[in-house]
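Here is a short report on aromatic rings and their surroundings. Take a look at the model before reading on.

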Amino acid sequence: LEGSTRDWYIGGLGTYMGIDATPYANLEMMICGKGKNSGQLKFELWDDDNKNWKAEQDEKKNYMAIHDDQFAYSQVVDWEGWKKVVIPFDEFTDQNPGVGNDKWDPGQLDGSGGLLQMSMVALGRGAKGQVTVVIDDMRLTNASGK
């Protein structure tokens, strides 16, 4: 991922998942930074609280979830070379309090789609931000790392 901005937002990508994520405890990946100004990444996980297997978003409110929980974690990339990054789910914070049930429940119970979506947003650090990172081997792992 590489880009620059005059503001904070550089770009993003995501994927629909629709999985039962209860066996997992972490988001894990390898990140290659290009030094202290490599940028910042924001990871977002959405769980299905209205049990419709869809991740509805409000375009007028930075694409925040309308009916489901949206949890996020920010990772500053300030190193050079490859580094294994493990982010426990309990370090993600609720980005939309009052929407959904405000708790991490990514299981497919009672018609829920479980972990619906994962997004990654590249953010600049400062007025003229940039991101220069390489990401590989991203996966969900359990407490033992498998």
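Is tryptophan 104 buried, partly exposed or exposed? Tryptophan 104 is partly exposed, at a relative accessible area of 27%. That class lies between the buried limit of 20% and the exposed limit of 50%. Keep in mind that this is a predicted model.

## Aromatic pairs

The whole structure holds 4 aromatic pairs. One of them joins phenylalanine 71 and tryptophan 104.

Phenylalanine 71 counts as buried, because its relative accessibility is 7%.

## A tilted pair

Tyrosine 73 pairs with phenylalanine 92. Here the centres are 5.9 Å apart and the planes 45° apart, a tilted geometry. Tyrosine 73 sits in strand S7. Phenylalanine 92 sits in the loop between strand S8 (80-88) and S9. The two residues are 19 apart, and their pair links distant parts of the chain. Both tyrosine 73 and phenylalanine 92 are buried.

## The cluster

Which residues do the ring pairs link into a cluster? They are Phe71, Tyr73, Phe89, Phe92 and Trp104.

## A charge over a ring

Another ring contact involves lysine 83 and tryptophan 79. Lysine 83 lies over the face of tryptophan 79, 4.3 Å from the ring centre.

Note on methods:
Residues are numbered from 1 along each chain as its sequence is written. This is a predicted model: local features need pLDDT of at least 70, side-chain atom pairs count only at pLDDT 80 or more; totals for chains, interfaces and linings use all residues. Side-chain values use heavy atoms; hydrogens and water are left out. Rings of Phe, Tyr and Trp (its six-membered ring) pair if their centres lie within 6.5 Å; planes under 30 degrees apart count as stacked, over 60 as edge-to-face and the rest as tilted. Buried means under 20% relative accessible area, exposed over 50%, partly exposed in between (1.4 Å probe, protein chains only). Helices (H or I, at least four residues) and strands (E, at least two) are DSSP runs, numbered from the N terminus. A charge sits over a ring if NZ of Lys or CZ of Arg is within 6 Å of the ring centre and within 35 degrees of the ring normal.
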